Every structure is written in structure tokens, then in C-alpha cells.
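Please look over the sequence and the three-dimensional structure shown here. The paragraphs that follow lead through strands, helices and side-chain contacts in turn.

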Amino acid sequence: MNHLEPASQSRQQQIFTVTRLNSAVRMILEQDLGLVWLTGELSNLAMPSSGHWYFSLKDMSAQVRCAMFKGNNRRVPFRPQDGMQVLVQARVSLYEPRGDYQLIIESMQPAGDGMLALRFEELKRRLGAEGLFDEGRKRPLPREPRAVGLVTSATGAALHDMLTVLERRAPDLPVFIYPTQVQGSAATAQIVSAIMLANRRAEVDVLIVGRGGGSLEDLWCFNEEAVARAIAGSAIPVVSAVGHEVDVTISDFAADLRAPTPSAAAELVAPDRRTRAQRLMHLRQRLTQAMSRHQVAARHGFVLLQKRLDHQDPKRRLEQQSQRLDELDRRLQQHLRDRLHQGERRLAGLAMRLQARSPEKLLAIGKRRHQLAEERLHALIAKRQDLARHRLAMLGARLDGISPLATLGRGYAIVRTPSGEVIRRASQVNAGQTLITTLAEGALRVRVDEVDNR
């Protein structure tokens with residue numbers, strides 16, 4: 001008997017409850033897979049009053065349920081609709097109450113720009129792995145360049161801006177222009193040729209490669225591999241100055257230095273002492289801010305890891321409870337609608353039966369049954385109101401539609417004595433007595449001419 005006890009205890013230790021199993025599976029999915037990128041078509045999009053979004057993401061042969069909580073969907077710059085192709089970043093998770101596998105969406109963008117962004121990230125990763133972006137291979141700009149080369153459009157505003165800055169800061173500095181297209185299918189080859197031409201001539205000490213601002217598609221020639229390799233292989237130090245400060249291209253990573261704008265690039269290649277001091281201060285501030293952000297991110301990551309280790313994550317629990325609250329809200333509303341429709345159909349049936357019987361006795365019986373059915377319906381509705389109010393106070397306003405005042409709106413009335421006593425039987429009233437009749441809108445003061453107690 002003692003020999004079998006350890007095996008029995010081992011089997012008992014492997015027994016899971018459903019709740020524990022779902023919790024363990026959710027933790028495995030969230031920790032092992034982390035954040036994933038995927039694209040698909042939106043369907044079954046629901047936006048309840050809680051502010052969260054629920055939908056399915058599908059392709060030709062499969063679909064997956066998704067939830068995007070309001071803290072994240074507030075950052076979506078467009079209004080999603082069913083049938084829209086999107087690119088999302090998501091956490092793989094499990095909705096424990098139902099045991100459903102789902103995605104928790106962190107970000108969403110239209111699929112067109114998203115695919116370009118994916119191509120951007122893939123090329124950046126691949127060239128970075130080759131060492132093309134290593135800081136060790138980047139060269140400092142000459143402090144006193146003999147000449148500056150500009151690889152840009154001959155008709156663009158960027159050329160005018162750079163020439164204006166160079167003229168103001170270093171009017172004696174020679175400038176060589178290597179004109180090229182900076183947008184379209186032919187731009188890539190022309191930019192590469194211009195960089196190679198500047199290297200063959202060796203007439204400048206630094207090159208500025210860039211253009212003015214535009215969309216991701218407009219700037220795409222500066223995200224091409226050929227341009228990045230030409231910049232990285234240039235014997236002349238290269239400053240990348242593409243678009244505005246918020247625009248980032250592959251050329252920025254391949255160049256020896258990135259300038260936020262073409263005008264800023266011109267200032268970098270011909271700086272004065274005051275500008276150099278200001279830039280050093282700016283770089284110090286940026287370094288301080290970056291270190292601060294890194295420390296904050298490290299602390300945040302530590303807190304998250306600690307919560308995962310303790311199997312305690314209040315945010316995830318709040319998301320789960322919020323999703324369950326939305327589900328209970330939908331179920332409650334559907335149940336109330338079903339009960340109301342059932343009551344309406346029953347009242348309609350009683351009315352038809354009442355109209356079909358002409359004898360006064362049958363008519364009185366029908367009226368009595370109708371009254372009893374109505375009272376039971378009101379009692380049931382009132383009971384459901386109390387239960388719903390107790391379970392979810394926020395839904396109380398939606399239950400006002402089944403108030404007794406709605407009955408008055410269908411043509412019924414409440415008859416009372418001037419003292420407020422409700423009249424339920426004819427025997428309560430005497431001829432000549434004055435009564436108050438309350439309607440859906442207003443009230444009537446009536447006088448009784450005759451009482452029929454039958």
C-alpha cells in the first residue's frame with residue numbers, strides 16, 4: 001500500500017482546474033511569443049460604450065479574434081471599418097473566461113504604409129547585421145572643408161535652402177552641385193551615379209545627400225539598398241539630410257552623419273564657433289534625455305518581469321475583467337430585449353383573443369386575464385429591473401423604457417380619487433363622485449354618472 005502512494009500523489013499534482021490551465025496557457029503565449037506583426041482584413045468590428053474595440057482579423061483561409069483596448073486605440077490615426085486591410089502589432093493571449101485564443105492589439109496602421117514600413121525594418125535589420133550602420137565605420141566631418149558637394153534636385157527647395165545657409169555661414173566655401181532626381185523610379189540609379197561621380201572627381205571634402213520633406217513613398221528612393229551601399233562605400237564623408245526632422249530613412253543610418261533637415265546639414269558642414277558650442281550643448285541634452293529614457297525603460301522592464309514572475313499583472317487582469325464586463329453587458333441587453341419582445345407578443349395575443357369574444361362575460365374574463373397578464377409582466381419587468389440595477393448600476397437608465405408610464409403611452413390610464421387612492425373596482429366609486437384620470441400626457445378630472453358593478 002505504501003509503495004503505491006507516491007505514484008498516486010504524483011498523479012494528483014498534475015490535475016489542473018480549468019481556471020488554472022487557462023491562466024497557465026495565457027502566460028505561456030504572452031511570454032514565449034511576445035509582440036508579433038501581422039496583416040489581414042478587419043471583420044465583425046464592434047465598438048461598445050466602454051471604448052474598447054473587438055474584431056476579427058482574417059485572410060483567405062483563417063481568422064483570429066482580436067481586442068484593442070481604449071488606451072491603445074486612441075493612438076490609431078484613422079477610423080477602422082470592416083473589410084479594411086491593416087497591419088497590426090499584437091500580443092498573443094488567451095481570454096480565460098471562455099478559453100478563446102485571441103490577440104491583444106498594441107498598434108494598428110493601414111496595410112499600404114505598413115508594408116513599406118515592414119520593408120524598411122527588414123532592410124534596416126539586414127544591413128545592420130552586415131555592419132553597414134556600425135558607429136565604428138562612421139567618419140567625422142572635416143572641421144574646415146575645402147569644398148562641399150550637394151547631391152539633390154537642381155530645382156528643389158532643399159537646394160535653395162542649403163545654398164542660402166552656406167552663403168550666410170561660409171560665403172567663401174566652394175559648392176559643387178551634383179543634380180539628380182530625388183523621387184520616382186529613376187531616382188535610385190541617379191543618386192548612386194551622382195555619389196560615384198563625386199568620388200571620382202574628388203573635388204569636395206564632404207557630401208550632403210538629401211531632399212525636402214514628403215510622404216514615406218516620396219522618400220522611398222533613400223530607403224533603397226543601392227543608395228545605402230553607395231553612401232556607405234563613399235570615400236567622401238556623407239551627411240544624410242532627407243525630409244523633415246521626423247523623417248528617418250535607411251540613408252540616415254548608412255551616412256556618416258544624419259541631419260534633421262537640408263538646412264541643418266548645411267549648418268553642420270560649415271559651422272561657426274557659437275553654433276558648434278550650441279550643438280555640443282544640444283547633444284549633451286539629447287544624451288542626458290536618452291540616458292534618462294533608457295533608465296526609465298529599464299525600470300519599466302524590470303517591473304514587468306517582476307510582475308510576470310509573480311503571476312500578478314493588474315493591467316492584464318483589468319483588461320480581462322473589462323472584456324468580460326462588455327460581454328455581460330451585451331448578454332444583459334439581449335436578455336432584456338428578448339423578455340420585452342416576449343411580453344409584447346403575449347399582450348398582442350391576449351388583445352386578439354379579447355377582440356374575438358363578443359359576450360360580456362367572456363369580455364370581462366378576457367379583460368381580467370389581460371390585466372393579470374399585464375400585472376405579471378410588470379412584476380417580472382420590475383424584478384428584472386431590480387436585479388439588473390443591483391448587478392450593474394450603470395445600466396439603470398436603459399431600463400426606464402419598461403416603466404409603467406410606457407403603459408399609459410399605449411392608451412391606458414390610472415384612475416384615482418382626489419385623495420390619491422387608486423380605483424381598481426367599480427364598487428369603490430359612487431355616482432356623482434369626482435375622479436382624477438392620469439394619462440400619458442396630462443390628467444383629466446371626471447365625474448361619475450353611473451356605476452355598473454357587474
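**A guided reading of the structure**

Strand 2 is joined to strand 3 by a hairpin of four residues. Strands here are DSSP runs (E, at least two residues), helices are DSSP runs as well (H or I, at least four residues), and both are numbered from the N terminus. The model is a predicted one, in which local features need pLDDT of at least 70 and side-chain atom pairs count only at pLDDT 80 or more, while totals for chains, interfaces and linings use all residues. Residues are numbered from 1 along each chain as its sequence is written, and side-chain values use heavy atoms, with hydrogens and water left out.

Two strands are said to pair if DSSP finds at least two bridges between them. Within this pairing, L57 has V64 of strand 3 as its bridge partner. Strand 2 also pairs with strand 1 (residues 35–46), in the antiparallel sense and over four bridges. There, L57 of strand 2 is the bridge partner of L42. Strand 1 and strand 2 form a hairpin with six residues between the strands, and in this hairpin G51 takes a positive phi near 95°. In general, strands of a sheet pair through backbone hydrogen bonds, either parallel or antiparallel.

How much of strand 2 is buried? Five of the six residues of strand 2 (residues 53–58) are buried, so this strand is largely enclosed by the rest of the structure. Buried means under 20% relative accessible area, exposed means over 50%, and partly exposed lies in between (1.4 Å probe, protein chains only).

Three strands form an open sheet in the order 11-12-13, with antiparallel pairing. Its edge strands, each pairing on one side only, are strand 11 (414–416) and strand 13 (443–447). On average, neighbouring strands of this sheet are turned by 25° against each other, direction ignored. Strand 12 (residues 434–438) runs antiparallel to strand 13 and is joined to it by five bridges. In this arrangement T434 stands opposite R447 of strand 13.

The helices come next. Two packed helices are described by the angle between their axes and the distance between the axes. The axes of helix 6 (residues 187–201) and helix 7 (residues 225–232) come within 9 Å and cross at roughly 10°. Helix 6 is therefore roughly parallel to helix 7. The residues making the contact are T188, I191, V192 and I195 of helix 6, together with A226, V227, A230 and I231 of helix 7. Axes are lines fitted to C-alpha atoms, for helices over the stretch in contact, and angles run from 0 to 180 degrees between N-to-C directions. Angles under 35 degrees count as roughly parallel, over 145 as roughly antiparallel, 65 to 115 as roughly perpendicular, and the rest as oblique. Contact means heavy atoms within 4.5 Å.

In helix 12 (residues 360–391) lies L380, which counts as partly exposed because its relative accessibility is 28%. L380 and R339 are 41 residues apart in sequence, and their C-alpha atoms are 9.2 Å apart in space.

How many salt bridges does a search of the whole structure find? The search finds 13, a salt bridge being a side-chain nitrogen of Lys or Arg within 4 Å of a carboxyl oxygen of Asp or Glu. One of them pairs E122 with R125, with the closest N and O atoms 2.7 Å apart. E122 and R125 are separated by about one helical turn, because they are three residues apart in helix 4 (residues 111–129).

The salt bridge between D256 and R139 (2.9 Å, N to O) links distant parts of the chain, 117 residues apart. D256 lies in the loop between helix 8 (250–254) and strand 10 (257–258), and R139 in the loop between helix 4 and strand 6 (148–152). D256 is buried at 8% relative accessible area, whereas R139 is partly exposed at 27%.

D100 and R98 also form a salt bridge, with their closest N and O atoms 2.7 Å apart. Both residues are part of a network of salt bridges that links R65, R98, D100 and E327. D100 is partly exposed, with a relative accessible area of 22%, and R98 is partly exposed at 30%.

Finally, the structure holds zero disulfides, a disulfide being a pair of cysteine sulfur atoms within 2.5 Å. C66 is buried at 4% relative accessibility, and C221 is buried at 5% relative accessible area.
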